[in-house]
Amino acid sequence: MHRKLWCRFAVVLVLSSTMLAVKVGESAPNFQATDSNGQAHQLSKYHGKFVVLEWHNNGCPYTQKHYESGNMQHLQKEWTGKGVVWFTVISSAPGQQGYVTAAQENEYLKNMKASPTAALLDPQGEVGKLYSAKTTPHMFIINPDGALIYDGAIDDKPTTEESDIASAKNYVSQALEEATAGKSVSVPTSRPYGCSVKYVH
Amino acid sequence: MLHRFVYGFLLVALLGMPWPVIAVWQGPADQHAKLALVSEQDALVAGKTLWLGIQFDLQDGWHTYWSNPGDSGEAPRIEWQLPPGFQADEIHWPYPERLPVPPFMDYGYAHEVLLPVSLTVPSNLKDVDSMRLAARVNYLVCREVCIPGKKQVELSLPVRKDSGPSAAREQFEATRRRLPKPVPHDWKVSAASAGGEFVLTVKAGHSLEAPQFFPLEEEQIENAAPQEAKRISGGVRLHLKKSKHLTKPPTRLRGVVVTGVDKAYLVDVAVSQSRPEGSM
């Protein structure tokens, strides 16, 4: 009887340590990261607000599609203007494509006229791996209660073509529009598309 | 002021030059992948189906993607430019290899691959010396970084009463062996949903080498998770970790099971609900 109980306990322990990937509907894991201005941010400090996490690599053609078109900047401006907290997250390891120093990121934000709340520098990939961020871009949305309500692609046209943006369904805007209106998110997950995140390994 | 005149003059001069009718798009992707449109036979025969293929010759270290690219990447797409009456069907995908992108996993091809397509040739072919078949291929090649490519490929073939094999025939035959086959009649394949995984049971009447499962649907299994294979009498049982993106339990499991070189089988089975094996 006792052996069965220990067995169960041991299995739960092993399983919980391997099942790190958060699922939509669950509590979004808290993280701490420093932005390109040297300021520290903790997800828990933003309880009560919608938070968008945007995984980013300025050299990836899929990221470039959304930046050269102005699409990402437009989304950042629209939603931060409505009180949403928007974090651009860069998990590229030093020496890998997309890695930037704080100064380089600030220069990029200025040149691109991007306006996230902050750009979080995650070169060790801690935040990326906590969320299982796979691609750039990969979008996550956390609601004011701290639950993950969206995890996936920015839109439904998984290409590098800027011309696909206008006719694409933007999953981020759709989820935020629905959630802010108190409705359930109709498309909570989708396959994120883009280049693989260049993690340290 | 003079420089404006010079630039203007150059622009006009360039526009006036006799560019080739078919512009070949030379982008950076071209440095890492050579693409060509090839056919299995050396001529078009009225009313006779012909196999065409897009040939990718990839530089060492570079790869391109399968129909389900996995956790990142993008499958190649073909936009055909064919004479009236001709029709090309979908790509027949050879089985891929696993392409690790730690901590994730993609599916695709390294070195070289031929993507065959069946071409319907009309029975009322014009009596011409040759016909031009062309396509624009949108693709992605990656190594540590990814480069999107757009390649215009074309092939001119004569119209004849009979055709013989082309130089690419052997490559078509080798590729055919890599296409997933239907499961043999005497095999029994079943799938069950068991907690956090799918259990795929393949009974072949003989032992099977540790198989690899390549999912045809995106977001059903965790692509990077090891696929634990357990030997059972007359077959094998594969444990496939479910994707965290699964919001609704799928009713079918579709994929390619590879049990050895040129031994790929198309699996498409209903998923039954069952208690996890060995539950305590």
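Which residue of S8(B) does B:Gln87 stand opposite?

A word on the model before the tour. This is a predicted model, in which local features need pLDDT of at least 70, side-chain atom pairs count only at pLDDT 80 or more, and totals for chains, interfaces and linings use all residues. Residues are numbered from 1 along each chain as its sequence is written, while chains are lettered from A and ligands numbered from 1 in the order in which they are written.

Now to the opening question. B:Gln87 stands opposite B:Thr120 in S8(B). Helices (H or I, at least four residues) and strands (E, at least two) are DSSP runs, numbered from the N terminus. S5(B) and strand S8 of chain B, residues 112–120, run antiparallel and are joined by 2 bridges; two strands pair if DSSP finds at least two bridges between them. Both strands belong to an open sheet of 4 strands in chain B, ordered S1-S2-S8-S5 with antiparallel pairing. At its edges are strand S1 (33–39) and strand S5 (87–88) of chain B, each pairing on one side only. In a regular strand the side chains alternate between the two faces of the sheet.

Helix H2 of chain B, residues 169–177, lies across strand S2 (50–58) and S8 of chain B, running at about 95 degrees to S8(B). Axes here are lines fitted to C-alpha atoms, for helices over the stretch in contact, and angles run from 0 to 180 degrees between N-to-C directions.

Next, please find strand S7 of chain B, residues 104–110. It is largely enclosed by the rest of the structure, because 5 of its 7 residues are buried. Buried means that 20 or more other C-beta atoms lie within 10 Å of a residue's own, with C-beta atoms placed from the backbone. S7(B) is joined by 4 bridges to strand S3 (residues 63–70) of chain B, and these two run antiparallel. Strand S6 (residues 97–101) of chain B also runs antiparallel to S7(B), with 5 bridges, and a hairpin links S6(B) to S7(B) through 2 residues. Look at B:Gly108 in S7(B): it is the bridge partner of B:Tyr65 and also of B:Glu97.

Chain B is divided into domain 1 (22–179) and domain 2 (182–273), with bounds that come from an automatic or database domain assignment. Their C-alpha centres lie 29 Å apart. Between them, 12 residues of domain 1 of chain B are in contact with 11 residues of domain 2 of chain B; contact means C-beta atoms, placed from the backbone, within 7 Å. On the domain 1 side, S3 and S7 of chain B each supply at least two residues, and S7(B) has the largest share, with 3 residues.

Last stop: the largest nonpolar core. Such a core is a set of buried Ala, Val, Leu, Ile, Met, Phe, Trp, Tyr and Cys residues joined through C-beta atoms within 7 Å. Of its 100 residues, A:Val52, A:Ile141 and A:Val172 touch the most other members. Strand S9 (residues 130–142) of chain B gives the most to this core, with 7 residues. Both domain 1 (22–179) and domain 2 (182–273) of chain B give residues to the core, so it lies between them.

And how do the two chains meet? Their contact takes 25 residues from chain A and 17 residues from chain B. On the chain A side, H1(A) gives the most, with 3 residues.

Terms used:
Contact = placed C-beta atoms within 7 Å. Buried ≥ 20, exposed ≤ 12 C-beta atoms within 10 Å, placed from the backbone.
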